[in-house]
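User: I'd like to go through this model and check what backs each label. Can you set the values against the cut-offs as we go?

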Amino acid sequence: MSVERRPSPDQSTFFDLEGRSLRLYPETEPPDIAPLKPTVAYDSYWRFAAERQRVFFARMRGCRPPWSDDDIINEHKFTNAYRASDRVSQYLIRRVIYRDDLPATAEETFFRIILFKFFNKIETWELLEEAVGAITWKGYDFRRLDTILSRAMAAGRRVYSAAYIMPSAGSMGHERKHSNHLALLERMMRDSVPHKLTRATDMQHGFELLLRYPSLGDFLAYQYITDINYSEITQFSEMEFVVAGPGALDGISKCFTDTAGLNAPEIIRFMTDRQEAEFARLDLHFESLWGRRLQLIDCQNVFCELSKYARIRHPEITGISGRTRIKQKFRPSKEPIDYWYPPKWGINGKITER
C-alpha cells in the first residue's frame, strides 16, 4: 500500500500493507467455539463485517476512494453489514414508509411496502408515482398500474430488481408476472393482512401470515416481514426470529466443517451473540450503527455476502453452491443517501453527532 493510502490508527484494517497476494494477518487465538469446527472463512466473516462497515462510514463521511485496502471489497458489489443501511432499504424507509404526505394507517403503509417490495426497484416505484401521483390503496386501480407497467416493459424497461428472483405467482391467473403480483397484493389487502399483522404476537407469527400466499416462500416472507417491521405496523424485535436464505446457507457451509448439530437459525444466533467477543479476539474495530448491535437479519445477510466474498478470498472452499465468481461489480451511485432509520430504533438523533 502506498503511503497515501495508509489508514489512520483508528481506522486500521486487518489487511496487509503489501498487496493481496502477500497478505499476512496478525496472529490471533483460534476461536473457542468447540464442538463447532470453523474453517478459515469463519475469521473472514468477522473481518468482512468490520471492513464493510468501515467502508460504509468512510463513504458516509465523504472520504475519497479507495475506501478499503481490500481489492475484493473495492471491486465487487456487497451489501452493508446492516441491512437497513442499503440503498433500497433506505429508500423504502424514508421514501415509501415514512411519508408525511401519505396516509400512515396500517392498511395504507402495508399496501405501499408490499407494492414496492414486489418489484424492489426504486425506478419502478418512481415510475408509478410519477404516473399516478399519490400511491394509495384507497386510490388503487389495477388496470391503471398494470397498463403503466406493461407499457414500461414493452419499451424495454426492467421493472424488477435483479437482487433476487421474484417468483411469478402464476396461480393468480394472469399471463404477465407483474399482473399476478398486483392481483396478489389485492388479495392480501382484501384478506385484511395489515390488520392481522397488527395483532401478530411475534415476528414468526407475522412471517407465517405472509407465508400463506402464493410465491412467498421462506426467504421472501422473512424479507418482507423485516421490511414491514421497519414501519409502525409491527413492533417486533429483530432478535426474535431469523430465516436463512440460500446465500446464507452457502456462507454457513463455508465457515464450518461441523456445526455440532446446530441448524442454520441457531448458527446465525450464535454469531450474533458472539460479535463483540470475535471482534475483540481478532483485534478488529467494529463501529456499530450508532450503538445498535448487529441483529439476526444482519448476521444472516453477512453470511450471504461472505458466501460471495469467499469465492475469491478462499476459492478452495466451495460451499454448497459451487459458484466461483462474483457477478456484480461495484459501481458507486451518484445519488447521495441521507441516512435515516426507523424512528423506533432511537438512533436518528445520533447520526449527526459524529
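Analyst: A compact globule of 354 residues would have a radius of gyration near 20 Å, and the protein has 21 Å, so the two agree. That radius is taken over C-alpha atoms, and the globule rule is 2.2 Å times the number of residues to the power 0.38. Along the principal axes, the C-alpha trace spans about 60 × 45 × 40 Å.

User: What kind of model is it, and how are residues numbered?

Analyst: It's a predicted model, where local features need pLDDT of at least 70 and side-chain atom pairs count only at pLDDT 80 or more, while totals for chains, interfaces and linings use all residues. Residues are numbered from 1 along each chain as its sequence is written, and side-chain values use heavy atoms, with hydrogens and water left out.

User: How many helices and strands are there, and what counts as one?

Analyst: The protein has 13 helices and 2 strands. Helices (H or I, at least four residues) and strands (E, at least two) are DSSP runs, numbered from the N terminus.

User: Why is Trp-290 called buried?

Analyst: Its relative accessibility is 3%, so Trp-290 counts as buried. The cut-offs: buried means under 20% relative accessible area, exposed over 50%, partly exposed in between (1.4 Å probe, protein chains only). Buried residues make up 52% of the 354 residues. Trp-290 sits in the loop between H12 and H13, and despite not being a glycine it has a positive phi of about 50 degrees.

User: What about Val-55, buried or exposed?

Analyst: Val-55 comes out at 5% relative accessibility, so it counts as buried. Its place is in helix H1, and its C-alpha atom is separated by 10 Å from that of Asp-70, 15 residues apart along the chain.

User: What makes Arg-281 and Asp-43 a salt bridge?

Analyst: The rule asks for a side-chain nitrogen of Lys or Arg within 4 Å of a carboxyl oxygen of Asp or Glu. Arg-281 and Asp-43 meet at 2.6 Å, N to O, so by the definition the label holds. Arg-281 lies in helix H12 (residues 264–281) and Asp-43 in helix H1 (residues 40–60), so the pair ties together parts that are 238 residues apart in sequence. Arg-281 and Asp-43 are both buried. As background, side chains of opposite charge can pair when their charged atoms come close.

User: How many salt bridges does that rule give?

Analyst: The count comes to 16 salt bridges. Another one of them joins Arg-292 and Glu-238, with the closest N and O atoms 3.0 Å apart. That pair links distant parts of the chain, 54 residues apart: Arg-292 is in the loop between H12 and helix H13 (296–313), and Glu-238 in the loop between helix H10 (218–228) and helix H11 (246–255). Both Arg-292 and Glu-238 are buried.

User: Where do Arg-274 and Glu-278 lie, and why is Arg-274 called partly exposed?

Analyst: They're both in helix H12, 4 residues apart, about one turn of the helix. Arg-274 has 21% relative accessibility, so it counts as partly exposed, whereas Glu-278 is buried at a relative accessible area of 0%. Salt bridges that share partners join Asp-43, Arg-274, Glu-278 and Arg-281 into one network. In the salt bridge between Arg-274 and Glu-278, the closest N and O atoms are 2.8 Å apart.

User: Which residues form the positive surface patch, and what makes a patch?

Analyst: Arg-323, Arg-325, Lys-327, Lys-329 and Arg-331 form it. Patch residues need over 30% relative accessible area and no salt bridge; like charges are joined within 9 Å, nonpolar side chains (Val, Leu, Ile, Met, Phe, Trp, Tyr) within 5 Å. Lys and Arg count as positive and Asp and Glu as negative, with His and the chain ends not counted. Lys-329, in the segment after H13, is partly exposed with a relative accessible area of 41%.

User: And which residues form the negative one?

Analyst: Glu-123, Glu-126, Glu-130 and Glu-335. Glu-123 belongs to helix H5 (residues 122–132), and at 43% relative accessibility it counts as partly exposed.

User: Which peptide bonds are cis?

Analyst: Among them are the one from Ala-34 to Pro-35, with omega near 10 degrees, and the one from Pro-65 to Pro-66, with omega near 0 degrees. Pro-35 lies in the segment before strand E1 (37–38), while Pro-66 is in the loop between H1 and helix H2 (71–75).

Methods. Areas by Shrake-Rupley, 256 points an atom, 1.4 Å probe, with all protein chains shown as cover. Charge placed at Lys NZ, Arg CZ, Asp CG, Glu CD.
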